[in-house]
Amino acid sequence: MKKIGLFLDSEPYSGGVFQYNQSIIDALESLPKEEYQVYVIYTKDAWRNYLQQYNFITRYVFISNVDKLISRVGRNYFLNSWRKMSPYVHSLYKTINSLQCDLWVFPTQDHYSYQLDVNAITSIHDLMHRYEDFPEIVQNGEFQLRERLFSNIAKYSGAVLVDSECGKEQVVESYGTDKSKIFVLPYVAPPYIFEEEADDFNEKYQLPDKFLFYPAQFWEHKNHDNLFNALSEVKKTYNDIKLVLVGSKKNGYSKAMSIVKKLDLEANILHLGYVEDKYIPTLYKRARALILPTFFGPTNIPPLEAMALKCPMAVSGIYGMIDQSQDAALYFNPRSVQDISSKMKLLWEDDTLCFDLAEKGLAQFQKWNQRHFNTKFKAIVEERVNVAEDKKPKLTRA
């Protein structure tokens, strides 16, 4: 029986990273029980209850401040030597090494993934620090931190998971990584999107009868500024247009809210703040359409959620977004207020268009969902386990 390890370092219920971890966990659970045993190491105690529903052997590891310090020194100053030393001096790597797994999966693109010499699959979700210029990814040393992280993942991981062909090309272009070690495993809609409407939804949220929907934290790269300016243009024709937002306040919030006030959009915009996952499906189902003007890719999870729930959409036509949604969306240039506003107007006024997009979205979802994700993930696991097996020294008879 082969032993597969999974390392979880993110917080449960922490947005897109958690949603992706859910997909990986589901794929590991679907592996044949007679062929694979899955071990999970987690560093946040909140994972304990969540993991109880799965047939995994789990272990919590506390990473002390001393562990964090020596890890930082090791990876920053003598990484090659540190990769050999770490199993003897660091709590996490002692535990990982002791399990002797045939393969380790690191889905959170964290720096722990390359500090131990093991057969590893590591995700790289995006390299936008190389392709876009926003404060949250280039200032205060963030660019250098990201560059060190991703270059080491690309160099030391036995295999790299990316979300799209665009993501694969970006890894190759950025770090010269051998294409044969990069596996495209597109995102899927997270499990919570299929849950029934929460009983207290109507009590908690009073929505407009008709509205466009944008789920995104207020990072500058989420492009609320251009979205609000586009909304103002549409308002000239449809004074009653409504936009519902969810997402926490980040570095772009103050500027975005000043635009709302300047353009007199307070009556047209409803910001719900952070919204628990259990309420999100109802927002998609009741929305007229999803509008997604983000500058970041290569792909995103909201279009997958929209397609699964037959919510029409218009999204940024950049990076891997068109390949992700194909004919199930309208596309615009996120830098063009006029382009965004024209697509918003179409969605607001054209019932036939919205119906058509919703049907095409469901068809697209049926082509790629968790079942397909699990099948492809299993093939990747099998290949990487076989590679590790081939590298083991063979016993010969005298």
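Author: Let us start with the angle classes: angles under 35 degrees count as roughly parallel, over 145 as roughly antiparallel, 65 to 115 as roughly perpendicular and the rest as oblique. The model is a predicted one, in which local features need pLDDT of at least 70, side-chain atom pairs count only at pLDDT 80 or more, and totals for chains, interfaces and linings use all residues. Residues are numbered from 1 along each chain as its sequence is written, and side-chain values use heavy atoms, without hydrogens and water.

Reader: Why are α10 and α11 called roughly parallel to each other?

Author: The axes of α10 (residues 224-235) and α11 (residues 253-262) cross at roughly 10° and come within 9 Å. Roughly parallel requires an angle under 35 degrees, and α10 and α11 therefore qualify. On the α10 side the contact (heavy atoms within 4.5 Å) is made by His224, Asp225, Phe228 and Asn229, and on the α11 side by Lys255, Ala256, Met257, Ile259 and Val260. These residues divide into 5 nonpolar, 2 polar and 2 charged, where Ala, Val, Leu, Ile, Met, Phe, Trp, Tyr, Cys and Pro count as nonpolar, Asp, Glu, Lys and Arg as charged, and the others, Gly among them, as polar.

Reader: What makes β10 and β13 the edge strands?

Author: Two strands pair if DSSP finds at least two bridges between them. The open sheet of 6 strands runs in the order β10-β9-β8-β11-β12-β13, with parallel pairing, and β10 (269-271) and β13 (330-332) each pair on one side only. Strand β9 (residues 243-246) meets the pairing criterion with β10 over 3 bridges.

Reader: Why is the pair of Tyr42 and Tyr60 called tilted?

Author: Rings of Phe, Tyr and Trp (its six-membered ring) pair if their centres lie within 6.5 Å; planes under 30 degrees apart count as stacked, over 60 as edge-to-face and the rest as tilted. The ring centres of Tyr42 and Tyr60 are 5.6 Å apart and the planes stand at 50°, so the pair is tilted. Tyr42 belongs to strand β2 (residues 36-42) and Tyr60 to strand β3 (residues 57-60), so the pair ties together parts 18 residues apart in sequence.

Reader: How do you know whether Tyr42 is buried or exposed?

Author: Buried means under 20% relative accessible area, exposed over 50%, partly exposed in between (1.4 Å probe, protein chains only). Tyr42 has 2% relative accessibility and therefore counts as buried, whereas Tyr60, with 31%, is partly exposed.

Methods:
Axes fitted to C-alpha atoms, helices over the stretch in contact; angles between N-to-C directions. Helix = DSSP H or I, 4+ residues; strand = E, 2+ residues; numbered from the N terminus.
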